[in-house]
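This briefing concerns a predicted model.

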Amino acid sequence: MRRAELLSRLRTRKVLIPLVLVVALIAIGVVVAVTSSSNGYRTVSKMITGTPEPDGTAVRIDTTLYLPDTTPAPAVLLAQGFGGDKSGLAGTARTLAEHGYVALAYTARGFGDSGGLIHFDAPDYEVHDAKLLVDYLSTLPQVDKSKIAVAGSSYGGGLALLLAGYDSRIKAVAADITWNDLSHALFPNAVGEDPGVFKKLWAGTLFGNAFSSQLGAALDAVGSDAPPPGTPRGTVSCGRFAPDVCAAYQNAASTGTPNAAMRALMRQASPASILDKIKAPTLLTQGEEDSLFPLSEADANARGIGATGTPVKVVWRPGGHDDSSEGGYVATSAMLGWFGSVFGDGVSGTQPFEFSEQGAQLSSDSGRLRQQVRQAPGYPGIGGTPAQTRAITLSGPPQQVGAPAGGTPAAITAVPGLSGILSTFGAIDQATDALSAVPSQTAGFASPALSSSLLIAGSSTVQLTVSAKSTSDATLFLGLRDVSSDGTDTLPSQLVAPVHLTGLTPGRPKTVTVHLPWVVHTVPSGHRLVLTVATTDFAYQLPQDPRTYTIGLTGFTGALTVATSNGSVQTTGGHPVAWLVVGVVVVLLVGLGVAFVIRRRRSVLKPRADLSDVPVSIESLIKEYAGGYRAVDDVSFTVERGQVVGLLGPNGAGKTTTLRVLVGLITPTSGQLHVFDEPVVPGAPVLARLGAFIEGPGFLPHLSGRENLRLYWAATGRPDSEANFDTALEIAGLGASIDRRVKSYSHGMKQRLGIAQAMLGLPELLVLDEPTNGLDPPQIAEMREVMKRYAQTGRTVVVSSHLLAEVEQTCTHVVVMHKGKVIAAGATAEIAGAGGLQLSVSDPQRAADVLAGAGITATLVPATRALEDVFLGLIGEDLN
Amino acid sequence: MTERELSRVAATRRGVHDRLMALEPGRPPTFRPRRTLRLGVEFARQIKRRRTQVVLVLLLVLPIIIALAFKLGGGPDARDNAGALVSSATTGSANFALFTEFASVGFLLVVVVALFCGDTVASEASWASLRYLLAQPVPRARLLKQKLIVAGTMSVAANLLLPVWAYVVGGVFFGFAPAKSPLGGTFDTADSLWRLLVIVAYVCGQMLVVASLAFLLSVSVDNPLGAVGGAVMLVVVSNILDQITALDPYRHYLPTHWQYSWTDALSAPVNWDDMLRGTGCALVYAAVFLAVAWLRFDRKDITS
């Protein structure tokens, strides 16, 4: 019993909705807990003996080993970027360990707590150190020795490629934003000649990094009263750089050209020298915002490695050295995917090529720009996938440009670490754009407005004629700009291609083919492409003498060959169309299901022809509410035409519930209920023969009484001719108030309007629930009369009341209810007269005879007792 | 005329009685369920409501306030990376309409739709007029259908009115100009309008979730405020959960996850992927919510 009660209480809405919410929140919490709980790992930090310095100084390498829960496992050697230490690798190492890899993060020699000097990824030092670390990994029981990989970013990426070339135990490589050939990277030349233009700002930043880390270590040393480990005394200006590296850099920085020693250093530190030896499948991720190691470096690496048939996957990712805040996660997840494939099913053949299109989408969360990833089946040039190009015509006359003495003022394009911000502004603010091209120093050649949008993906080429006025060499910077119809121009990724031409004859034009910067950029239709040729750039070493050049296209117009791609946009999470299809199918299925259920629920009760002249027939009606409370318990009665039937009973007797069932508002638990010959179910058409006023009026408060009646009738969909508005308005008796908003009515006014509404269609059966509530005595008398006369037209009235006198005066028949049951039913006179005689005699006939004999005329009449007495007598036992 | 005088008038209307006496016996009425509560009638019932008028005024005033704010505040600051749609809001009518849409989708339009769809049945229940409609009788499924059509039409009208009016206001304040895509490039006027239409259509599709939930609550509770508030609360809760990236990929099935995917309509070729996903998701939610609404209401005991 208590259980049933509890269940029924649970079923009520007030409990159910919060309960559902709480359950949903708990379920979500569990999902979060399950999905975010990661696999465990533990770490072991250890100093490992590295390669000694040439002078015999022992070098110890600072390492941290990340061990996953399950071993033996594949191992990944993680190499650091320039200027950092192993702590910068912690995040990546943790991720690897959580994915079941052993990760060994270490601080390269010359940095942090590791000893030794920086030899700049020299095979004999840094690469040899890495070999020793692979030895160490091979001794560990937790490492699957056939599955050792190396990964790194920038300086570490260079090391990863070099190690893969020098050590055949490496079975997979992931190199992020790194170089192919340092001489290309630090002395680039877009016409392919040597030497190029010194990238002085980046070179200074790189070396300065190492100096400042030395400064940091020196400051630490002040606190600890001991010299920083591995710092040779007397080489303060070189910091922790090896003397030969330091000297070569300082020479290059002062002359702007590499000497032989610098060239040798750069060559040995460049993967370009050993690419053909790399047999381990290699992932190359390169940043699109990178003026230090542009996409062309990854391109050269990919071609070099791919030439021998080794699988290479190329990913152009967001960010890069110019914007380190972006793209790191892309590199990490690409690395995880790559190692998973290599150590899983293995990789072979052509690998898909992915690149990200910056600002190609609006973030649906913040409204900011974000990238979208495009994928092509193969990297152009590897595995037979040809590069795609589109020809664009440029035009413009030959133009004379000047280079100022000392190279200032200079255009500012890519400033290390700053250009990400510049390009953000550049797209919207012309003021900053002015910085990236100084007018008198810049020649421009424009294309017509593009008829369709163009995706630039790679390096475009163009032929130019260049003549120098008085020198035999020329230094130029080429940019390909996207100019919108309102003149706003964007330099994609803020990249320019430096050109250094030598062997010019003054005054004589020379024709050269220039490779423009590698970028990914979508030029919208209606925009123009403008090739700019500038004489200065802030980031590069410039000639000190003033110069004048004349720049032209090969004719008056020239062809620009733009690299493009048919890469398709990567979709995440299944087929989008499938979602829509599922949605539509669910709508159809649910719709059919609901229609089916509702149709099945329709009553199976049949019309009863024998009741066609009986306005109301109720048989064994039971309504049981949740919790077992029976509001109506086995009620049966019939109402004939022309009757005014009173439903009499105290409050809670079940009168209103019976009437609600009668008009189809409540579904009975059991029992049959017919109005005329039709069974009553919600919405049964027969209800149109019935007018109801149940438990108070219900009107739209914002409309007037008249509008309410009009709209009520309009809602029935029946013709106006069947409504009797005049009579209804007279019954309502509201006078001018009928045009006021119902909101302002008193209770009695609403009550009368409600009764008028019930009578509007002059229904054959009028059902009134407590119609006289709130009416004053004259109005009650009036209502009584209305009901009587209404019934006299052959129509039927069922009226409920708890006022005995009212029922007695109005009704021809009465049904007395109490506690859900009918306790008496019949003609009012019968019920009221069922009480016996007023004069009680032992023998009335004899008494009459006696009275007649006594000369008294006597007639036998039934006693008419007040209905009230009967009613109280019927329910009397409960009142006591 | 006072109440007392009125009652005296009513009590002495003997004419009514004579009129009743003269009535012919009742005849069965011409009743056709398909003509009950026609759309025009339901519109007439709803359109004069104060809340409808307040919403209308709000939608008309909002773009003007935003435009004035930009005008007086000197336009959006291009340097704060606050969102590409904000920074291009004042370039012309189309961009202003886009920005207004972006600013309203998350909450204002949600509240408006929840109001129209959540209050429609619940308010009838609270006025007690619901039982008189059902006793006429308006078949229950038909009542829901007609109510949903009217509430849905008013929701769509609000969704349409806001960008269209914002387009006009933007044109007056900042000049009529085709949309400049925040992704670069300018659309011509026809293209701009077509894309705006795609956006409005998609947003309407997304609002199906709010509309159907509000409608379900509307038939379940007798308190209009509860129905409207419940639907808005769902959106708020869903938005909060959507912020938790740890919920990936389950987050994708949240009712509001794809709410802003209409921004994909601004990429050079329209990127339909997320909009297809969002529409599919919304259809499933709407189907389930509406099915429950229909099944519940079909059997519900009307006790209000």
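Strand β25 of chain A, residues 616-624, pairs with strand β28 of chain A, residues 670-675, through five bridges in the antiparallel sense. Within this part of the predicted model, A:Glu619 has A:Gln672 of β28(A) as its bridge partner.

**The sheet around β25 and β28**

- The open sheet of chain A consists of four strands in the order β26-β25-β28-β29, with antiparallel pairing.
- The edges are held by β26 (630-639) and β29 (678-679) of chain A; each has a single partner strand, so one side of each is left without a neighbour in the sheet.
- Helix α15 of chain A, residues 655-662, lies across β25, β26 and β28 of chain A and runs at about 115° to β25(A).

**Chain A as a whole**

- Chain A contains 23 helices and 34 strands.
- Chain A has 880 residues, of which 48% count as buried.
- Of the contacts in chain A between residues at least 6 apart in sequence, 74% join residues at least 24 apart.

**Contact with chain B**

- The contact between the two chains involves 102 residues of chain A and 98 residues of chain B.
- Several elements of chain A each supply at least two residues to the side that touches chain B, among them α2 (13-36), β9 (353-362), α14 (576-601) and α19 (777-792).
- The element that gives the most to this side of chain A is α14(A), with 15 residues.
- By residue class, the side of chain A that touches chain B comprises 51 nonpolar, 35 polar and 16 charged residues.

Note on methods
Residues are numbered from 1 along each chain as its sequence is written. Chains are lettered from A and ligands numbered from 1 in the order in which they are written. This is a predicted model: local features need pLDDT of at least 70, side-chain atom pairs count only at pLDDT 80 or more; totals for chains, interfaces and linings use all residues. Two strands pair if DSSP finds at least two bridges between them. Two residues are in contact if their C-beta atoms, placed from the backbone, lie within 7 Å. Axes are lines fitted to C-alpha atoms, for helices over the stretch in contact, and angles run from 0 to 180 degrees between N-to-C directions. A residue is buried if 20 or more other C-beta atoms lie within 10 Å of its own, exposed if 12 or fewer, and partly exposed in between; C-beta atoms are placed from the backbone. Ala, Val, Leu, Ile, Met, Phe, Trp, Tyr, Cys and Pro count as nonpolar, Asp, Glu, Lys and Arg as charged, and the others, Gly among them, as polar.
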